[in-house]
Each structure stands twice: as structure tokens, then as C-alpha cells.
Amino acid sequence: MQRLLPYTPERDAYRLLGVASTATADEIAAACRRLSRTFHPDRNRSPRATEEMQVVNVVRTVLTDT
């Protein structure tokens with residue numbers, strides 16, 4: 001399973017999502033949905049699932065300006 005944590009600002013958010021830095025908003029949203037399905041606490045039994053999901057949410061917010 002992919003590890004999101006520890007997340008630091010120096011890490012490349014695009015690489016974290018697995019998309020190019022030229023990705024469209026739709027591509028970014030699709031990548032965030034894919035990661036959400038993987039890391040959501042309802043599906044991920046890791047003790048760090050909540051924190052991992054928070055990273056996905058922050059990255060989505062930063063890259064989509066929402």
C-alpha cells in the first residue's frame with residue numbers, strides 16, 4: 001500500500017497524486033478520488049487512516065483552489 005505519511009511541504013503534491021504538473025483540474029480530481037477510495041478510514045484499517053485522508057484533502061484543496 002502506498003504511504004502518504006509523513007507528508008512534508010517539500011514533497012511534490014503532483015507526484016503524490018500520480019499526475020503530471022500539467023494535469024487538468026479533472027485529472028487532479030480523479031486522482032484525489034482514487035486516493036480517497038484507498039485511504040478513507042472506512043476502507044483503510046491503518047491507525048493513521050484519518051491523517052492520510054487529511055493529506056489527500058489538503059493536497060486536493062491546494063491544487064484545485066477549493
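This is a predicted model: local features need pLDDT of at least 70, side-chain atom pairs count only at pLDDT 80 or more; totals for chains, interfaces and linings use all residues.

**Exercise 1.** Work out how many helices and strands the protein has, and in what order the elements run.

*Solution.* Begin by counting: the protein has three helices and zero strands. Next, follow the chain from the N terminus, and the elements read α-α-α. The protein exposes about 4400 Å², with 51% of that supplied by carbon and sulfur atoms.

**Exercise 2.** Find which residues touch the most other members of the largest nonpolar core, and which elements give two or more residues to this core.

*Solution.* This core holds 14 residues, and those touching the most other members are Leu17, Val19, Ile28, Leu35, Val56 and Val59. Now look at the elements: helix H1 (13-17), helix H2 (25-39) and helix H3 (49-64) each give two or more residues. H2 gives the most, with five residues.

**Exercise 3.** Decide whether H2 and H3 are roughly parallel or roughly antiparallel.

*Solution.* Start with the geometry: H2 and H3 pack at an angle of about 175°, and their axes lie 10 Å apart. Angles over 145 degrees count as roughly antiparallel, and H2 and H3 are therefore roughly antiparallel to each other. Then see who meets whom: Ile28, Cys32, Leu35, Ser36 and Phe39 in H2 meet residues of H3, among them Met53, Val56, Arg60 and Leu63.

Technical notes
Residues are numbered from 1 along each chain as its sequence is written. Side-chain values use heavy atoms; hydrogens and water are left out. Helices (H or I, at least four residues) and strands (E, at least two) are DSSP runs, numbered from the N terminus. Accessible areas come from the Shrake-Rupley method with a 1.4 Å probe; for residues, only the protein chains shown count as cover. A nonpolar core is a set of buried Ala, Val, Leu, Ile, Met, Phe, Trp, Tyr and Cys residues joined through side-chain atoms within 4.5 Å. Buried means under 20% relative accessible area, exposed over 50%, partly exposed in between (1.4 Å probe, protein chains only). Axes are lines fitted to C-alpha atoms, for helices over the stretch in contact, and angles run from 0 to 180 degrees between N-to-C directions. Angles under 35 degrees count as roughly parallel, over 145 as roughly antiparallel, 65 to 115 as roughly perpendicular and the rest as oblique. Contact means heavy atoms within 4.5 Å.
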